[in-house]
Amino acid sequence: MAQNSEPQKTAGTEHSTKGAYVTGGEFTRDTNYIEDRVVADPQAAQSAPQEESSSIGDPRMAGLTEGGQAWPVEPGRYRLVAARACPWAHRSIIIRRLLGLEDAISLGTPGPTHDARSWTFDLDEGGVDPVLGTERLQQNYFARFPDYPRGITVPALVDVPSGGVVTNNYPQLTLDLSTQWREHHREGAPDLLPEDKLDEMLPVIKRIFTEVNNGVYRAGFAGSQGAYQDAYDRLFTAMDWLEDRLAGSRYLMGEHITEADVRLFTTLVRFDPVYHGHFKCNRNKLTEMPNLWAYARDLFQTPGFGDTVDFDQIKRHYYEVHEDINPTQIVPAGPDLANWLSEHGREALGGSPFGAGTAPAPVAASEQPGGANPLYR
């Protein structure tokens with residue numbers, strides 16, 4: 001969409017998003033998801049002891065949570081529906097690419113905006129997903145759960161034969177892509193979940209989720225000054241912790257990229273274009289935190305990360321959809337993006353992004369983001 005074109009206004013319509021995000025007081029994320037899993041051995045998962053639900057997932061999870069079902073790993077059977085605008089979905093796009101699962105799991109990308117009903121496939125010809133044959137992701141939820149009572153979220157893994165959603169449990173989904181789909185990883189795929197780092201990494205991921213990934217939303221959707229101030233303080237306490245952690249370490253867990261870096265990156269790449277202004281996370285910009293900014297550029301310039309980013313879709317989503325905090329739905333023109341390609345100097349810390357592995361091949365033309373990204377100029 002051209003920057004000067006007008007969005008489809010939802011304000012005042014029956015499908016307005018007004019009141020969907022800012023509801024008063026502290027923002028609390030609904031973390032109840034469809035907790036089915038796609039696993040290499042469904043029978044073993046069904047026989048294992050029942051697991052506890054987790055807000056961050058667990059790569060060592062052998063079984064299922066209460067009510068969860070096991071689906072078989074089967075290349076070509078599932079479609080990952082993941083909007084490039086959404087940070088929770090974006091992480092699944094990155095990990096699918098890093099692991100080389102493009103041929104095993106197809107990708108559907110809804111447009112960046114939606115109304116109160118659901119994400120739509122408005123980027124596809126005729127506004128219909130070419131594989132699923134649906135106009136709205138809501139249809140795929142209803143195909144399995146006709147009375148699905150919660151939000152229609154991305155990412156969602158859809159069973160192509162039935163058209164029904166298998167899971168939208170994004171924290172576990174990416175972990176299962178690493179562990180359950182290993183037989184279908186590309187040669188040279190990195191180990192994003194190194195066994196010797198897990199005990200240290202999971203608490204890091206937990207803090208990143210609660211204080212940073214979700215922390216920006218807690219600030220942006222706060223319904224009172226007190227709730228906002230608390231969220232703001234918590235966020236920047238965590239940002240300062242990350243700034244210190246990355247002073248002597250190229251990546252969060254040391255010399256190579258892991259799942260933790262993917263989870264942090266999707267927030268950092270949105271920080272200055274969206275969270276700093278739109279969500280009032282404005283103590284400072286990312287570009288004013290030397291270690292975090294250099295780290296973010298290092299990742300952006302690493303194949304699999306920046307080449308999946310669409311800054312236009314990111315901005316359109318937040319500024320057009322969140323009527324509660326931007327009722328005009330006007331999308332800002334900035335910031336300038338050229339600095340994402342500037343030298344970062346992180347090589348001086350040693351290490352290499354892929355360890356014993358290799359970089360993924362260039363993004364297929366059919367999956368290149370269509371909006372602003374300095375890598376595609």
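A crossing of two helices is left-handed if the near helix is turned anticlockwise from the far one by less than a right angle, and right-handed if clockwise. Helices (H or I, at least four residues) and strands (E, at least two) are DSSP runs, numbered from the N terminus.

The structure is a predicted model, in which local features need pLDDT of at least 70 and side-chain atom pairs count only at pLDDT 80 or more, while totals for chains, interfaces and linings use all residues. Residues are numbered from 1 along each chain as its sequence is written, and side-chain values use heavy atoms, with hydrogens and water left out.

**Helix pairs**

Two packed helices are described by the angle between their axes and the distance between the axes. Axes are lines fitted to C-alpha atoms, for helices over the stretch in contact, and angles run from 0 to 180 degrees between N-to-C directions.

| Pair | Angle | Axis distance |
|---|---|---|
| H7 and H8 (residues 259-275) | about 110° | 14 Å |
| H2 (residues 87-99) and H8 | about 130° | 9 Å |

Angles under 35 degrees count as roughly parallel, over 145 as roughly antiparallel, 65 to 115 as roughly perpendicular and the rest as oblique. H7 and H8 are therefore roughly perpendicular, and H7 passes H8 in a left-handed crossing. From H7, Leu-235, Phe-236, Met-239 and Leu-242 meet Leu-264, Leu-268 and Phe-271 of H8; contact means heavy atoms within 4.5 Å. This contact of H7 with H8 has 7 nonpolar, no polar and no charged residues. Ala, Val, Leu, Ile, Met, Phe, Trp, Tyr, Cys and Pro count as nonpolar, Asp, Glu, Lys and Arg as charged, and the others, Gly among them, as polar.

H2 and H8, by their angle, are oblique to each other, and H2 passes H8 in a right-handed crossing. On the H2 side the contact includes Pro-87, His-90 and Arg-91, and on the H8 side it includes Glu-259, Val-262 and Arg-263. The residues of the H2 contact with H8 divide into 8 nonpolar, 2 polar and 4 charged.

**Ala-222**

Ala-222 lies in the loop between helix H6 (215-220) and helix H7 (225-245). Ala-222 is buried (under 20% relative accessible area, where exposed is over 50% and partly exposed in between, with a 1.4 Å probe and protein chains only), at a relative accessible area of 16%. Not counting residues up to four places away in sequence, Ala-222 touches Val-22, Gly-25, Tyr-217, Ala-227 and Tyr-228.

**Annotated region**

An unreviewed UniProt entry lists residues 191-321 as "domain: GST C-terminal". Over residues 191-321 the chain is 63% helix and 0% strand.

Key
UniProt positions renumbered as here; feature names shortened; annotations may be inferred.
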